[in-house]
Amino acid sequence: MISTTREVARQLTTDGKLRAAINLSNFLLVTSGGSSGEPLQGVSPDIAHELGRRLSVPVSLVPYACPQAIANDASLDVWDIGNIGDEPQRAQVMDFTAAYCEIECTYLVPENSPLRSFHDIDQPGIRIASKGGGAYDLWLQRNIKNAEIIQADSLDGSFDAFVSKDLDALAGLRPRLVSDAERLDGARLLPGKFMSVQQAIGMPKGKSPDAVDWLRAQVEDMKRTGFVEERIQFHGRAGLLKGAGYYRPKI
């Protein structure tokens with residue numbers, strides 16, 4: 001077992017620095033920075049900086065336009081940890097901690113739509129707009145058998161496709177769909193959730209098992225001590241993000 005933080009840092013970092021891949025497309029977890037040239041701010045960057053503090057190493061944030069690009073680079077040694085949703089396809093190339101927060105996903109449907117529940121969605125002839133490569137889009141790819149999924153390159157693109165192509169439903173994160181609904185008279189969200197994005201921290205496959213265990217323990221500690229909830233509150237995301245439950249191992 002690893003006995004010192006120094007040894008953890010050696011196994012988990014590169015050249016004495018923790019390189020953290022950050023998904024800029026998740027507006028709930030990254031609240032500012034990126035294209036503007038300003039420092040990245042939000043729950044996700046704060047999680048990365050807290051890990052660096054606990055390792056006593058500097059943190060370098062590596063911005064990505066979308067989560068799938070982070071997963072695609074897992075074998076290229078360009079980041080040490082990646083703050084994205086845990087998802088089976090990504091888990092083929094990454095080891096994940098438990099989730100530190102969850103984001104519910106549902107569908108937006110137009111006014112007068114006959115669709116009332118998730119059971120109505122996966123039917124022949126139904127067309128669903130989705131942002132390609134997101135955790136919920138990967139879920140749709142695995143689970144939707146009869147409806148057609150129309151992918152777009154961005155959240156705005158999926159909304160535009162939903163409207164311009166007169167599609168039957170728009171899949172997405174509930175907080176984003178709430179704001180989208182305000183732009184369309186009579187549009188409504190289906191009740192409940194078809195899945196929740198499990199926002200976690202991933203590492204490229206091949207890291208030391210002890211380093212992986214350490215990182216998982218730190219995420220649990222950040223949940224247990226209230227660090228995650230405090231950051232959610234600080235960045236004005238209360239009610240939009242749900243902190244994941246703390247895992248209490250059996251004794």
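A residue is termed buried when its relative accessible area is under 20%, and exposed when that area is over 50%. By this criterion, Val8, Ala9 and Leu12 of helix α1 (residues 5–12) are buried in the predicted model. The three residues span an arc of only 100° around the axis and therefore lie on the same side of α1. An α-helix has 3.6 residues a turn, so residues three or four places apart point the same way. Arg6 and Arg10, on the other side of α1, are exposed. The cover over the buried residues of α1 includes strand β1, helix α2 (43–55), strand β10 and helix α7 (209–224).

Confidence in the prediction was examined next. The mean pLDDT of the protein chain is 92, and 95% of the residues score at least 70. Among the elements of the chain, strand β9 (residues 188–189) has the highest mean pLDDT, 98, whereas strand β11 (residues 242–243) has the lowest, 87.

The chain is divided into domain 1, comprising 5–102 + 197–243, and domain 2, comprising 104–195. The centres of domain 1 and domain 2, taken over C-alpha atoms, are separated by 27 Å. Contact between the domains involves 13 residues of domain 1 and 14 residues of domain 2.

Strand β3 (residues 81–86) is paired with two strands described here. With strand β1 (residues 18–23), β3 runs parallel and is joined by 3 bridges; within this pairing, isoleucine 22 has asparagine 83 of β3 as its bridge partner. With strand β10 (residues 195–204), β3 runs antiparallel and is joined by 5 bridges, and glycine 82 stands opposite glycine 202 of β10. Because 5 of its 6 residues are buried, β3 is largely enclosed by the rest of the structure.

Strand β10 also contains glutamine 199. This residue has a relative accessible area of 4% and is therefore buried. Beyond its neighbours within four places in sequence, glutamine 199 is in contact with Asn83, Ile84 and Gly85, as well as with Asn26, Leu29, Ala99, Tyr100 and Cys101.

The cysteines were then considered. A disulfide is a covalent bond between the sulfur atoms of two cysteines. With a cut-off of 2.5 Å between cysteine sulfur atoms, the number of disulfides is 0. For cysteine 66, the closest cysteine sulfur is that of cysteine 105, at 16 Å, which is too far for a bond. Cysteine 105 is likewise in no disulfide, its nearest cysteine sulfur being that of cysteine 101, 12 Å away. As to accessibility, cysteine 66 is partly exposed, with a relative accessible area of 24%, whereas cysteine 105 is buried at 0%.

Backbone geometry was examined at two loop positions. Most residues other than glycine have a negative phi. Aspartate 15, which is not a glycine, has a positive phi near 55°. This aspartate 15 is placed in the loop between α1 and β1 and is exposed, with a relative accessible area of 81%. Serine 56, also not a glycine, has a positive phi of about 60°. Serine 56 lies in the loop between α2 and β2 (59–64) and is exposed, with a relative accessible area of 67%.

Definitions and conventions: Residues are numbered from 1 along each chain as its sequence is written. This is a predicted model: local features need pLDDT of at least 70, side-chain atom pairs count only at pLDDT 80 or more; totals for chains, interfaces and linings use all residues. Side-chain values use heavy atoms; hydrogens and water are left out. Buried means under 20% relative accessible area, exposed over 50%, partly exposed in between (1.4 Å probe, protein chains only). Helices (H or I, at least four residues) and strands (E, at least two) are DSSP runs, numbered from the N terminus. Two strands pair if DSSP finds at least two bridges between them. pLDDT is the predictor's confidence in each residue, from 0 to 100. Contact means heavy atoms within 4.5 Å. The arc is that of the directions from the helix axis to the C-beta atoms. Domain bounds come from an automatic or database domain assignment.
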